[in-house]
Each structure stands twice: as C-alpha cells, then as structure tokens.
Amino acid sequence: MVGDVPVGGGAPVSVQTMTKTETTDIAATAAQIESVAAEGADIVRVAVPDEASAHALRGIIARSPLPVIADIHFHPNLAIESIHAGAAGIRINPGNMAIEGLRATVEAAKAAGIPIRIGLNSGSVRRGGDSAENEFDVADLMVSRALEYAEQFERWAFSDIKISLKASSAAATIYAYREISELCEYPLHVGVTATGPYEYAVVKSAVGIGALLAEGIGDTIRVSLSGPPEAEVRVGRKLLASLGLLRLPYEVISCPTCGRAAVDIVTIAGEIETALGALGDHGGDTVRVAVMGCEVNGPGEARDADVGVACGKGSALLFIKGEKTRKISPDEIIETLLAEAQRLAEG
C-alpha cells in the first residue's frame, strides 16, 4: 500500500507523476499536486535533495490529496526525516548510500509501515567501476543489482519492496523488466527515463511501457516528460485506457484526415475532446464519440461508436448506438455530438 493506493497483487495499474516545482515552495508544490490529482494521478513523487526540502515535506503532505513518495539520493538522514514527515513511501537507489545509513533507512520505513522503491536507472548503475558493452549489459546489471538490494532488505526483515529499472532506451527497458519479472514477485514500477523532447518521449514511453503492460508486466507507471506533470498523467491514463486497463468517461476517435475529408476534423475532434474532458466522470461505461471525415470508413466507424458522424460535402450523417438517425450541417457537429454524448452518459 502506498497510502490508500494498492500496488501489485492484482490491483489496478496506478499512474504516478513527479512534482517539478522547488520542493521548498510548499504552496507551489501543493498546488501542482492538486492539479495532477484533478487529472487523475494516483500517486505523486517529490524530490527531497536537501534539509530545507525535507522540512517542507511535512507541509506538502498535509495539503496533498494524493499519497506522497519522497525521492531520496545519497543522504539517509533525508530519507529518515521524510519518513517522519509522513511520506507514504520512499524511493532510493541503495547503491548511493553507505550500508549503515541504508539499514537505518530501512528500519525507519519498517517502523512506519511504508514501502521502499528500489529505483535504478541505467545511468546510475555504471558507477563503481562497472563497465558494460551495450545497453542490454546495463539492463542485466540493473536486474542483478536490484535483486541484490532486495535480498539485503529481506535479510533485515523488510519486504515491502517495489522495484524500477529504467533506461532511456525503450528496448533496454523492456528487456530489463522482462528479465526481473521472471525472477521475483515484487511489484514493478514501470517507465522509460530521459525520453527526450515531447513527441519522441510519448512514443518511447508508449512503446516501452505499453509493450510491458500488454504482457502483464507492471503495477504502477510514470510517463516521464520534459514538461508539465499534468501531461505525464494525461498520457499515462490514455496509455492504460488504450490497453483496456483503465476506464475513461469519454473516448474520442477520429480519422487521420486526407484529401477526401469534408470538414476540419482536427479542430472538431480537439474541441470535442476538450469539452468532454471538462465534464468529469459520469460513473457509467465509457462513451465513445467518433468524428469521421468521409464516406469511405466514416459510416462504419461512426456506427461502431456510441455516437458519431460521417461527414460529406455540406452535411454529416449522425449515428447513435449503431443507428443512422439524421443528417446535420457541419456547423451543428460539435454541439450535437456533445449533447448526445452527455445524454448517453446520463443513461
């Protein structure tokens, strides 16, 4: 359990993100946590790089609607202070702590009844004189190191362990998680790290995280983006929904457009998605809304959705629950689809 969020053991895959404010700015950090919670995040992680951040953590946790994981490196005293401040979990790389401090950290987590994530990145395991020929050698090294740390924790009678093994390569990430999933039953936090600019980051995360989740590997995820944490949550939730692992209130499908498209599909679909996203959760099944630009695939896709349009020159065919109902003008598309989607959501 991370706060009130179950991780592993058949629980739903949870979505995490990390605050990107200065941790010492309690108000800004708390506001960002509230914002990602509104986007649907389940767990949030906060960096604790120094004493001032550790002191601020108590105030952040008091205002947080989500379980807060403290992200600690090098300094066991910061981990222990974060635990005493009420962190719902901590993330450490045991390799960058001395053994005495590491044991003190584990004992503090045990006393508080909170989990520890053993979090390794491909860049961090190279320290200490290890050499690796390629990214898959590094992945093997992450696996062996993580299991060594977990065995040490178990010898200290601590087993509330999660593991993450992140690389900037989607292929190496997939390889590492596949390997460790065969060797242990600890919950796995899945993500690709240092993914690059936004579009490439989304692609690499979708490939790396998606491939693993499709194989049943992964209990909690973070999509790491060089951008707002709200975007990480939105992408993560949509990734889960695309695999049937998360129910969204509404789903908009649209054609990719081409020279046959009779209307501005990009604008219409975007406005509908934004408007539906602002409605909140209606509590029922996902309502699928289709916006299709022509008569080739349009009628079939619109018919398969709960409500949809297949557009032609000067008009669009409206489909509701598989039935062709009437023609509407292009100017009516957005208003009509929104009204019908809400009506279906209300039952």
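Q: Which residues are linked with K20 in a network of salt bridges?
A: R222 and E232 are linked with K20 in that network. Keep in mind that this is a predicted model.

Q: How many salt bridges does a search of the whole structure find?
A: The search finds 13 salt bridges.

Q: Which residue forms a salt bridge with R178?
A: E215 does, and the closest N and O atoms are 2.5 Å apart. E215 is in the loop between α7 (198-214) and β8 (220-222), while R178 is in helix α6 (residues 170-181), so the pair ties together parts that are 37 residues apart in sequence.

Q: Is E215 buried, exposed or partly exposed?
A: E215 is partly exposed, with a relative accessible area of 41%. R178 also counts as partly exposed, at 39% relative accessibility.

Q: What about R247, which residue does it form a salt bridge with?
A: R247 forms a salt bridge with D281, with the closest N and O atoms 2.6 Å apart. R247 sits in the loop between α8 and β9, and D281 in the loop between α9 and β10 (287-292), so this pair ties together parts that are 34 residues apart in sequence. D281 is exposed, at a relative accessible area of 53%. R247 is partly exposed, at 32%.

Q: And E107 with K110, how far apart are the closest N and O atoms?
A: They are 3.4 Å apart. The two residues are three residues apart in helix α4 (residues 99-112), which means they are separated by about one helical turn. E107 has a relative accessible area of 31% and is partly exposed. K110 is partly exposed too, at 32%.

Q: How about the second largest pocket, what volume does that have?
A: About 180 Å³. Its lining divides into eight nonpolar, two polar and two charged residues. Among the lining residues are V5, P6, D42, R237 and L246. β1 (14-18) and α8 each supply at least two residues.

Q: Is C294 buried or exposed?
A: C294 counts as buried, at 10% relative accessibility. C255 counts as buried as well, at 16%.

Q: Last topic, backbone. What is phi of T257 near?
A: Phi of T257 is near 70°, a positive value in a residue other than glycine. Most residues other than glycine have a negative phi. T257 lies in the loop between β9 and α9, and T257 is partly exposed, at 32%.

Q: And where is K321?
A: K321 is in the loop between β12 (315-320) and β13 (323-328). Its phi is positive, about 50°, although K321 is not a glycine. K321 is exposed, with a relative accessible area of 54%.

Technical notes
Residues numbered from 1 in each chain as written. Predicted model: local features only at pLDDT ≥ 70, side-chain atom pairs only at ≥ 80, totals over all residues. Heavy atoms only, no water. 1 Å grid on protein atoms, 1.4 Å probe; cavity = no way out; pocket = protein on both sides within 12 Å on 5 of 7 lines; lining within 4 Å. Points joined across faces, edges and corners; volume = space filled by probe spheres on them. Helix = DSSP H or I, 4+ residues; strand = E, 2+ residues; numbered from the N terminus. Nonpolar A, V, L, I, M, F, W, Y, C, P; charged D, E, K, R; others polar. Buried < 20%, exposed > 50% of the residue type's maximum accessible area, 1.4 Å probe, protein only. Salt bridge = Lys/Arg side-chain N within 4 Å of Asp/Glu carboxyl O.
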